Amino acid sequence: MNWAIIFEAQNLALYGQGIVTTLGLLFSSLAVGAVLALICALALTGPFPVLRWLVGAYTYVIRGTPLLIQVYLIYYGLGQLEWIQARWDSVWPWTHFKQPFFCALLAFSLNTAGYTAEMLAGAIRETAAGEIEAAQAYGMSRWQVLLRVVLPSAMRRTLPAYSNEVVMMLHSTSVASAVPSMLDVTSAASRVYSDYYLPFEAYLFAAGIYLTATFCLIGVFKLVEQHLLAYLAPRKH
Amino acid sequence: MKKLLLSLALGSLCALSFAQGKDLKVAIDPTYEPFTFKTPDGKPTGFDVDIANALCEQIKRKCVFVEQVWDSMIPGLQAKKYDVIISSMSITADRLKAIDFTDKYYNTPSRVVLKKDVKYTGPASIKGKKIGVLKGSTQEKYAMGELKTVGVEVVSYEAQDQVYLDIKSGRIEGTVADSVEATGGFLTKPEGKDFALAGPDLFIEKYFGVGAGVGLRKGEAALKTELNTAIKAIRGNGTYKKINDKYFKFDVYGK
Amino acid sequence: MNDYYLAILNGAVLTVGVSLAALAVSIVLGLAGAAAKLSGRPVLVVLATVYTTLIRGVPELVLMLLVFYGGTIGLNNLLERLGSEATVDINPFFAGVLTIGFIYGAYMTETFRGALLSIPKGQAEAAWAFGMGKGQTFLRITAPQMVRYALPGFTNNWLVLIKATALVSLIGLQEMTYLAKQASAATRSPFAFFLFTAALFLVYTSVSLYVLRRLNARYSLGAKRGQL
């Protein structure tokens with residue numbers, strides 16, 4: 001096993017760039033996805049059947065098709081459409097579709113939004129009926145009940161499942177290596193492999209990076225859960 | 001249902017195949033029209049494939065084609081996934097460090113491909129433009145060495161036809177490719193009508209080597225001699241010319 | 001054009017094959033892992049914990065690439081050291097099935113462990129009191145009850161497994177994602193082919209959801225659910 005090559009400056013730089021791209025993609029798609037998920041969850045639990053049906057169809061398709069196909073559809077598929085091609089040199093926002101990072105970001109955000117929306121909607125539906133009735137007895141309007149009572153507790157209850165989703169997203173960013181010119185950790189490893197013919201070293205190093213990142217994320221979520229879900233913890237005294 | 005399960009079970013037993021006997025496993029990257037590509041129903045075809053079949057006939061072995069992504073061609077060969085690479089792989093000094101090659105079986109130059117209205121006077125004249133290349137190819141080495149250094153943006157793709165897909169959609173503005181491949185795989189097709197070959201023929205040996213040969217693992221002297229004899233044989237008995245004329249109007253064997 | 005679609009349909013059969021074979025591997029590994037974790041023997045518990053932690057911490061694609069590229073070289077080197085002339089080739093189907101089965105075995109371990117823990121201990125004790133052996137207890141008493149508790153997690157894992165088979169296209173297995181990508185690059189029309197593949201996946205997941213829901217209903221007969 002030839003580990004010395006991995007630790008050469010230019011290869012470490014390659015992995016470093018990969019880490020930057022991976023983390024950048026992860027956090028920006030989580031951010032955009034979270035906002036989208038909130039809106040979708042409200043639509044899913046709202047009073048308008050048309051919205052419920054539309055968003056339901058969206059989450060069904062997102063959860064029923066692989067992320068790789070979604071990425072290909074957005075990067076290659078949308079790039080093929082003539083009216084996008086005509087506009088993406090000059091008209092904002094279509095200019096963004098020219099860049100690989102934006103296409104990857106869009107695909108990942110839509111994906112995480114689909115899953116998170118269902119999780120959040122489930123948590124909203126499970127809010128104790130008594131809490132909602134009490135809020136309504138106080139004379140709060142529908143929006144006030146949502147903002148002050150339902151959403152805070154629903155978001156806390158989604159936290160354990162959401163931590164799973166964040167870790168899954170981290171692993172899914174490796175799919176970004178299928179988009180040309182996206183240099184994430186997996187494509188850095190593939191590059192080292194095809195240049196030096198060292199599959200074990202290259203991919204084991206990448207696996208190590210992902211493992212470390214996963215543990216860090218799980219650790220952060222544990223801390224957050226201890227703080228926000230403290231009321232669910234067993235009594236200490 | 002039972003038949004499906006039975007065939008799956010038998011199929012997975014054949015997963016561990018012990019390579020002995022008369023079959024010659026040939027690696028191809030079928031995204032390189034007109035040298036190596038597939039018909040719509042999945043059959044490999046093209047100049048490389050026909051040459052491979054002719055060589056196999058000469059050495060009296062059966063060709064079995066294995067598809068492989070271009071940038072893992074050489075690692076796959078070293079991992080013994082196949083025996084030879086007959087897929088327009090150029091003989092370069094860098095590659096000779098890792099694997100062995102037979103004599104060349106064709107030699108065509110690479111060229112830059114750009115839109116017809118772009119004035120190309122050298123690498124610096126396309127500064128700022130996006131050029132797509134095949135990951136792991138000699139053209140990529142050239143682009144990284146000569147174009148990237150003067151400010152051209154070089155994007156690497158895993159297959160040459162994906163480069164053409166993105167040229168068609170406008171994400172990149174050109175490519176550096178084998179001139180014959182670019183002609184047959186892009187310029188003569190509807191999406192290539194606004195593009196043309198630009199600049200001089202690129203025969204720089206440092207990047208492009210001396211032509212395409214059959215790649216084999218180091219230490220296979222017997223197979224190498226067999227294949228070299230076969231190449232001379234098909235050049236001499238007219239088979240090469242027949243295959244050549246099927247795809248091209250000129251002799252691709254080159255200098 | 002139509003030939004390409006037919007080829008993709010053939011690739012769909014391969015996708016189904018890979019996912020079913022991987023499911024079998026993952027169920028076996030899941031049961032073994034759950035048994036190891038619940039056995040109480042420290043060595044087995046540590047081994048199983050390391051297995052589930054490592055697998056759930058590394059992306060599937062990286063594991064697949066490791067097994068596919070590294071595995072073949074490793075096996076061949078081993079054979080060379082042992083003096084054999086033969087070469088072994090792990091083809092993409094085998095690599096994909098092994099890797100996916102291995103990965104989802106870890107997730108199944110957690111699912112089965114949770115399900116096994118939910119069965120009241122009295123059930124197994126009553127079976128032993130009747131004189132049933134460990135094997136009989138498992139087959140007649142534990143397993144049928146475990147199915148009910150495991151089904152939600154199992155459904156989840158199965159759906160994610162189906163989608164993971166799309167990644168096997170990246171190591172060269174000619175299943176539908178791979179063929180769709182080649183067809184789309186050759187004909188320069190990616191939208192149609194990828195939409196077709198997405199629709200096929202949607203059909204596959206919908207059918208699976210339906211079958212598993214029926215299974216769930218059948219195995220939940222008699223279970224009392226609280227009224228809200």
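Predicted model: local features only at pLDDT ≥ 70, side-chain atom pairs only at ≥ 80, totals over all residues.
**Overall form**

Chain B contains 10 helices and 14 strands. Its radius of gyration is 19 Å, close to the 18 Å that the globule rule gives for 255 residues, so chain B is as compact as a globular protein of that length. Along the principal axes, the C-alpha atoms of chain B fill a box of roughly 55 × 50 × 35 Å. Of the 255 residues in chain B, 48% are buried. Among contacts in chain B with a separation of 6 or more, 72% are between residues 24 or more positions apart.

**Domains and interfaces**

Two domains are assigned in chain B: domain 1 comprises 22-107 + 210-247, and domain 2 comprises 110-208. Their C-alpha centres lie 24 Å apart. At the boundary between them, 11 residues of domain 1 of chain B are in contact with 14 residues of domain 2 of chain B.

Chain B also touches chain A, with 15 residues of chain B in contact with 11 residues of chain A. On the chain B side, the elements that give two or more residues are α3 (73-78), β11 (153-157) and α6 (160-169). The table gives the residue classes for two of the contacting sides.

| Side | Nonpolar | Polar | Charged |
|---|---|---|---|
| Domain 1 of chain B, touching domain 2 of chain B | 6 nonpolar residues | 3 polar residues | 2 charged residues |
| Chain B, touching chain A | 6 nonpolar residues | 7 polar residues | 2 charged residues |

**Helix α2 of chain B**

Helix α2 of chain B covers residues 47-59 and has 13 residues. From its first C-alpha to its last it reaches 18 Å, close to the 18 Å expected at 1.5 Å a residue. The buried residues of α2(B) are B:F47, B:D48, B:V49, B:I51, B:A52, B:A54, B:L55 and B:C56. B:K60 follows α2(B), and its phi is positive, near 60°.

**A three-stranded sheet**

In chain B, 3 strands form an open sheet in the order β3-β4-β5, with antiparallel pairing. Strand β4 of chain B, residues 36-38, is joined to β3(B) by 2 bridges, and the two strands run antiparallel. Within this pairing, B:T36 in β4(B) is the bridge partner of B:Y32.

How values were computed:
Residues numbered from 1 in each chain as written. Chains lettered and ligands numbered in written order. Domains from an automatic or database assignment. Contact = placed C-beta atoms within 7 Å. Nonpolar A, V, L, I, M, F, W, Y, C, P; charged D, E, K, R; others polar. Helix = DSSP H or I, 4+ residues; strand = E, 2+ residues; numbered from the N terminus. Rg over C-alpha atoms; globule rule 2.2 N^0.38 Å. Buried ≥ 20, exposed ≤ 12 C-beta atoms within 10 Å, placed from the backbone. Expected span 1.5 Å × (residues − 1). Pairing = 2+ DSSP bridges.
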